[in-house]
Amino acid sequence: MAKFEYGEYIGKTAKLIPSVTALIRDSEGRVLLTRRTDNGRWCLPGGAMDAGESAEEACRREVMEETGLDVCVRRLVGVYSTPHRVTVYADGNRVQYVSLMFEVEPVGGTLGLSDETTEAGYFSLDEIRGMDVIDPHLERIADTLAAGLRAIIK
């Protein structure tokens, strides 16, 4: 199970990994979240980029793997790279993610589960406030819903 460590420039103690996160809304404006198999917490679909793929390809692949949905990337919401937070995994790996947050739209597929997810569904902001959502993802949801045309850099 992963946990977060916070501290001034704690990222110096970790490996830097590029990643992607996607926000998908339904026709009612609700946000798609998945529940992780490793820690039981809710999150946006996403994950690490693979060598040889673009950020857009990584986003589409991660969403498909975790949700069964084929998506079209609509816009870059922001770049999240705080050096003050590290994800620490049970095996001892320490990662500072550089995450590209995208707003995407489903264009095919069927919402389902994977070996990485135990539940998936669309939730209103009021519902999300009462859920155990991974902290950085709460920030990204708020940023996506409030963002203007310019990408956010944090």
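Reader: In the hairpin of β3 and β4, which residue takes a positive phi?

Author: Gly-40 does, with a phi near 75°, and the hairpin has five residues between its strands. Strands here are DSSP runs (E, at least two residues), as helices are (H or I, at least four), numbered from the N terminus. Please keep in mind that this is a predicted model: local features need pLDDT of at least 70, side-chain atom pairs count only at pLDDT 80 or more, and totals for chains, interfaces and linings use all residues. Residues are numbered from 1 along each chain as its sequence is written, and side-chain values use heavy atoms, with hydrogens and water left out.

Reader: Which strands form the open sheet, and in what order?

Author: Strands of a sheet pair through backbone hydrogen bonds, either parallel or antiparallel. Here the order is β4-β3-β9, with antiparallel pairing. β4 (42–43) and β9 (117–123) each have a single partner strand, so one side of each lacks a neighbour in the sheet. Two strands count as paired if DSSP finds at least two bridges between them.

Reader: How many bridges join β3 to β9, and how many join β3 to β4?

Author: Six bridges link β3 (residues 31–36) to β9, and two link β3 to β4. To follow them by eye, pair Thr-34 with Ala-120 in β9, then Arg-35 with Trp-42 in β4.

Reader: Which residues of α3 are buried?

Author: They are Pro-136, His-137, Arg-140, Ile-141, Asp-143 and Thr-144. These cover an arc of only 170° around the axis, so they lie on the same side of α3. The arc is taken from the directions that run from the helix axis to the C-beta atoms.

Reader: How many disulfides does a search of the whole structure find?

Author: A disulfide is a covalent bond between the sulfur atoms of two cysteines. The criterion is a pair of cysteine sulfur atoms within 2.5 Å, and the search finds zero. For Cys-59, the closest cysteine sulfur is in Cys-72, 10 Å away, which is too far for a bond. Cys-59 is buried at 1% relative accessibility, whereas Cys-72 is partly exposed at 26%.

How values were computed. Buried means under 20% relative accessible area, exposed over 50%, partly exposed in between (1.4 Å probe, protein chains only).
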